[in-house]
Amino acid sequence: MELSTLRSMTTELCGRTVNSAIEAHLPQYAVEVAGVLAAVRAAALTFPADLAPASVFSLKSEPSNK
Amino acid sequence: MSSLMQKTIQELAPLLQSKAISPVELVRECLERIEKTEPILNAYISVLDKSAMETAVQAEHEIMQGRYRGPLHGIPYSAKDLYMTRGVRTTAGSAILADNVPEVNAAVIDRMEEGGAILVGKNNLHEFAYGTTSENDHFGPCHNPWDSRMITGGSSGGSAASVAAGSSVFSLGTDTGGSIRIPASFCGVVGIKPTYGRVSKRGVIPLSWSMDHTGPIAKSVWDAAATLSVMAGYDAGDVGSAEVATENYTAGLVDKNALNVKGLTVGICPQYYAGLLKPAVEKAFLQVIRWFEANGAVVKELSHPTREAFSVGSILTMSEAYAYHEQNLETCDEKYGPSIRYRLEKGQYIPASAYVNAQRLRQKDRQIWAAIYQEIDVFLSPTVIMPAFPIGEKTVMFGAEAVDPRVNAVLMYLTSLGDFNGHPVMSLPCGFTEGELPIGFQIQGKPFAEAKVFQVAYAYEQAHPEISERKCGLWN
């Protein structure tokens with residue numbers, strides 16, 4: 001992942017400032033974020049198309065509770 | 001003569017009810033114990049000596065009048081400094097909230113008041129609960145009562161340390177990736193993360209709304225059951241609260257002779273942590289499995305349902321934690337400790353589609369677990385892949401890789417799965433290293449089946465007094 005992409009995300013998408021602490025860690029963020037995004041993309045390839053997200057704030061309607 | 005603070009709730013409650021001891025006497029001993037151990041442990045951020053003694057006098061009066069409220073009445077306890085307390089500063093272990101004095105209590109603090117428990121202090125923690133070592137940059141590190149050079153684990157490190165050291169009888173913790181169970185394991189006490197929604201989170205400073213859980217840390221399984229019985233229950237003020245009937249979890253723990261594990265089907269998944277466990281942890285957990293087998297349980301080896309849950313689950317916490325802290329990160333970022341600031345900022349780079357797909361994986365994971373629980377009663381694993389390590393240790397081994405435990409979630413490898421699927425999971429002691437550091441294992445049950453988890457844990461605990469009754473060196 002390009003560092004310039006992360007800088008743009010900070011300023012343009014999040015409306016934040018790239019301060020010195022963020023700047024210093026951008027190379028590590030680039031590696032770690034790319035890794036975790038690749039993991040979720042790989043997982044998503046196995047999903048049936050109609051798989052809905054978990055109900056974020058409740059287990060009440062989960063099948064496991066029946 | 002042994003201190004009252006060595007006793008469990010199960011032992012103290014009858015003494016209080018029968019007026020053999022007074023809450024005033026007990027709270028005084030607790031405060032003395034805090035004074036003695038705090039220079040070593042640093043388990044508290046605030047100690048409430050004046051209000052605790054006032055409440056103890058009131059509790060004594062009520063009990064003398066015959067108005068006994070139940071097993072927590074007159075029991076001194078502590079709460080992680082993430083629980084809002086009316087008129088008492090609540091820092092979340094951060095400089096940002098150093099002067100934060102809430103006007104209301106967290107819902108669970110109110111429940112404790114109704115049950116008659118006496119709050120003696122607010123426990124130290126990993127800043128904003130976003131870390132597993134409890135090395136707090138602002139209030140100093142929590143020290144392990146079994147060896148003060150070691151970490152307590154986190155993020156509820158002060159809670160677990162205070163219970164193990166007898167500077168509180170029980171404590172309230174929170175668990176987003178293992179923050180109740182990791183320190184419980186490292187400090188040799190019992191901690192349960194209940195089912196998501198079982199206990200209200202209203203008034204508890206959030207880390208990650210969809211992953212956060214609140215629960216007790218206690219000296220014994222019975223004590224944890226008694227505490228959860230008071231904590232649990234529907235709260236319309238918490239969007240995540242589940243309207244599911246609760247029960248008195250101690251009710252099933254009365255006749256220990258009738259409890260056994262014969263006929264239970266117990267799931268394990270050794271391939272998930274193959275090559276990752278430290279030898280002492282592997283040995284202790286193997287003995288757990290052998291005990292279950294020797295006592296008539298059927299042990300069933302499973303392939304892990306969702307190996308990706310560990311890494312993908314972090315997307316949820318990263319995104320939600322960033323959303324909560326975004327404004328402060330822009331305006332007062334210098335007040336965050338370096339390691340938490342590093343982790344929080346990462347959340348801004350997670351696209352919405354990744355967050356949604358992580359929640360979809362969570363749904364798939366829950367469906368798979370539901371199918372698995374058609375064939376098993378409980379699921380067991382070690383709590384943490386290693387025992388506690390020295391405070392300030394730069395790297396620890398995660399398989400063949402040396403990682404920084406402040407940045408890498410290595411300590412959560414086995415615990416975060418329970419926050420992802422939302423099931424109830426308890427950690428209880430199962431052994432010690434050669435260096436006298438505790439080791440814990442986990443019992444996971446079906447959603448809202450806390451009673452079953454308590455019963456299985458109680459059967460194991462009662463059969464292993466040489467482990468459960470061992471006291472840390474601070475008592476010598």
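How many bridges join E6(B) to strand E8 (residues 213–218) of chain B, and do these strands run parallel or antiparallel? Six bridges join the two, which run antiparallel; strands pair if DSSP finds at least two bridges between them. The model is predicted, so that local features need pLDDT of at least 70 and side-chain atom pairs count only at pLDDT 80 or more, while totals for chains, interfaces and linings use all residues. Residues are numbered from 1 along each chain as its sequence is written, and chains are lettered from A and ligands numbered from 1 in the order in which they are written.

In E8(B), B:Pro216 is the bridge partner of B:Leu172. Strand E2 (residues 76–80) of chain B is joined to E6(B) by three bridges, and these strands run parallel. Here B:Ser78 stands opposite B:Ser171 in E6(B). Strand E6 (residues 170–175) of chain B is mostly covered, with six of its six residues buried (20 or more other C-beta atoms within 10 Å of the residue's own, C-beta atoms being placed from the backbone). B:Phe170, B:Leu172 and B:Thr174 point one way from E6(B), and B:Ser171, B:Gly173 and B:Asp175 point the other way.

The axes of helix H9 (residues 309–331) and helix H10 (residues 338–346), both of chain B, come within 8 Å and cross at roughly 110 degrees. H9(B) is therefore roughly perpendicular to H10(B) (angles of 65 to 115 degrees). B:Met318, B:Ala321, B:Tyr322, B:His325 and B:Leu329 in H9(B) meet B:Leu344, B:Glu345 and B:Lys346 in H10(B), contact being defined by C-beta atoms, placed from the backbone, within 7 Å.

Notes: Axes are lines fitted to C-alpha atoms, for helices over the stretch in contact, and angles run from 0 to 180 degrees between N-to-C directions. Helices (H or I, at least four residues) and strands (E, at least two) are DSSP runs, numbered from the N terminus. Angles under 35 degrees count as roughly parallel, over 145 as roughly antiparallel, 65 to 115 as roughly perpendicular and the rest as oblique. Two residues are in contact if their C-beta atoms, placed from the backbone, lie within 7 Å. A residue is buried if 20 or more other C-beta atoms lie within 10 Å of its own, exposed if 12 or fewer, and partly exposed in between; C-beta atoms are placed from the backbone.
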